[in-house]
Amino acid sequence: MRSRWLLALIATAVAIVAVGVYGLATAPGAVVASPSPRPGLSGDTTGKPPLTLTFEPTSEPTPAAGPELTTARYFAAWQTGDLSSMNGLVADPPADFAERHRRFDAELRVSSLSLNPGELRRQGEETAEVPFQGVREVTGLGRWTFSSVLRLGLRAGAWKVLWEPETLHPSLKDGGSLRLRETQVRRPTTLTREGLPFPRDSRAGDYLTGLGGTAVLLSLEEASSGRVLLTSPSPPSTGTGTRTTISRSVQAAAARALDGLGQPAAIVAVDVETRQVRAVADTLGAKQAFNGLYPPGSTFKVVTAAALLRTGLTPESPVACPAAYTIPNARSFTDADGADHGTVTLTTAFALSCNTTFVQHAYERLRDDRLRAEAADRFGFREKPGLSSCRIRPSADLNELGSDAIGQNSAQASPLCMAEVAAAVASGVWKPAIMTAEPPADSPPPVPLDDGVAAGLRTMMSAVVTQGTAAQAGLPPDTAGKTGTAEVGGAKSHAWFIGYRGPLAFAVFVQNGGAGGAVAAPIAARFLKAL
């Protein structure tokens with residue numbers, strides 16, 4: 001029985017020493033009495049001197065716990081967010097110790113933390129350090145890895161954490177700080193045909209929705225240096241939104257060509273072959289580039305010239321271009337320049353935009369509703385389903401016929417309608433413009449132009465740019481077109497230029513802008529040169 005008691009006593013001593021490892025100390029010279037056996041127990045030793053264990057003082061106190069245990073407790077508390085326990089393990093913690101940790105996690109959107117301590121390194125008898133790796137999960141950014149060092153020191157017989165801000169993250173050393181930066185980036189739901197966002201200030205917002213969508217790009221960076229530590233993936237350069245027929249480069253060129261213009265205006269461009277709309281830049285408002293009805297002025301002479309070519313005239317036919325012409329028993333018409341050009345070819349009269357020539361030959365060749373039929377049947381000037389609007393009435397008298405022939409009176413068109421006219425000349429087929437991959441089921445059928453008519457119109461429209469009213473506009477080579485100056489009662493004339501170059505046909509319209517050759521054609525030149 002004695003041996004069992006001794007074992008118990010030794011176990012008690014070991015326990016006391018073990019407890020000392022967790023922070024308790026036994027004073028030098030302390031005497032620990034053995035427990036007295038209860039009376040009546042076999043092997044009773046009552047009357048014998050008690051057994052004592054004496055701990056002799058050493059030259060230095062033995063620390064109650066090593067740095068390993070403090071390290072383990074600190075990391076365990078940190079990972080579980082036990083800020084109170086962490087605070088108790090720190091030597092002289094700042095008053096806002098817990099608040100610093102909370103603010104760090106809140107401001108940087110830290111949702112979780114995992115820590116992986118390295119090997120403890122003793123720096124001497126009273127200091128040590130533990131390098132460690134950490135991974136924080138940042139909402140919106142993902143995994144954020146970092147490396148730091150936990151420093152420890154012996155204070156009043158106990159190992160404590162020597163906490164500094166850089167324990168949280170090295171970037172906090174010497175007063176440094178971290179921040180999350182949010183940057184708005186474009187991520188629209190409606191894209192160009194290439195799958196790209198529309199250019200900024202595209203001037204197409206009335207026609208398409210979802211151009212202004214955005215996303216937030218997050219970055220975690222050092223506040224002072226701006227060094228980026230972590231960033232969210234950038235939105236892809238191409239998207240999965242709805243693609244349109246609009247070309248990003250063509251739309252950008254059209255929108256920028258209208259920059260700085262004081263009057264409401266529009267540029268519409270269509271693909272010559274498919275007739276898909278490639279650009280619509282509109283400051284007229286209310287979708288007037290598609291739906292507005294304006295007198296087309298001399299751009300309508302393309303339609304009048306087509307009707308005249310169908311009667312047997314050719315681009316080389318001699319015609320008179322006087323300063324004024326009076327329809328028999330009707331009104332008189334004049335040219336804008338007031339000059340008598342004498343006898344010229346039909347091409348030259350077209351290039352110089354001779355009102356008198358076209359009024360005279362409309363009177364002589366296009367009576368009996370032939371002009372209206374040409375416009376309606378071959379160039380879309382009639383009520384019809386589709387994107388564009390244009391119309392012309394049967395002439396009530398010769399005065400109306402003369403006015404209609406030069407794009408006044410009842411002849412009215414939207415910029416898109418006149419772009420369709422230009423595309424018909426370029427391709428030899430009139431087709432309605434579309435903003436879908438294929439024409440809708442109710443779309444009007446294509447209308448081929450006679451080969452000779454289309455070729456003649458191309459010759460005449462090229463002459464406008466090389467030697468006519470658009471010769472000084474700075475248009476690039478191989479451009480063909482027609483200027484227009486449409487009179488408006490009580491207001492300044494509308495400025496027009498329609499044409500084609502390469503795969504594109506287009507119309508430029510400036511409401512109350514003035515002369516087409518001086519105003520609209522230079523805008524067309526800016527547009528084409530920017531492509």
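Trainee: Which cysteine forms a disulfide with Cys390?
Mentor: The model is predicted. A pair of cysteine sulfur atoms counts as a disulfide when they lie within 2.5 Å. One sulfur atom is 2.3 Å from that of Cys390, and the partner is Cys417.

Trainee: Where are Cys390 and Cys417, and how many residues apart are they?
Mentor: Cys390 belongs to strand S19 (residues 390–391), while Cys417 is in helix H12. The pair links distant parts of the chain, with a separation of 27 residues.

Trainee: Is the link of Cys390 and Cys417 left-handed or right-handed?
Mentor: Both cysteines are buried. The angle about their S-S bond is 85°, and the link is right-handed.

Trainee: How many disulfides does the whole structure have, and what pattern do they follow?
Mentor: A search of the whole structure finds two disulfides. Besides the pair Cys390 and Cys417, there is a disulfide of Cys321 and Cys354, with sulfur atoms 1.9 Å apart. Counting bonded cysteines along the chain, the pattern is 1-2, 3-4.

Trainee: Is Leu416 buried or exposed?
Mentor: Leu416 is in helix H12 (residues 415–427). Its contacts beyond four places in sequence include Val268, Phe290 and Leu387. Buried means under 20% relative accessible area. Leu416 has a relative accessible area of 0%, so Leu416 is buried.

Trainee: Which element gives the most residues to the largest nonpolar core?
Mentor: This core has 108 residues, and Phe381 is among those that touch the most other members. Phe381 also touches Cys390 and Cys417, among others. The element that gives the most to the core, with nine residues, is H12.

Technical notes. Residues numbered from 1 in each chain as written. Predicted model: local features only at pLDDT ≥ 70, side-chain atom pairs only at ≥ 80, totals over all residues. Heavy atoms only, no water. Helix = DSSP H or I, 4+ residues; strand = E, 2+ residues; numbered from the N terminus. Buried < 20%, exposed > 50% of the residue type's maximum accessible area, 1.4 Å probe, protein only. Contact = heavy atoms within 4.5 Å. Core = buried A, V, L, I, M, F, W, Y, C linked by side-chain atoms within 4.5 Å.
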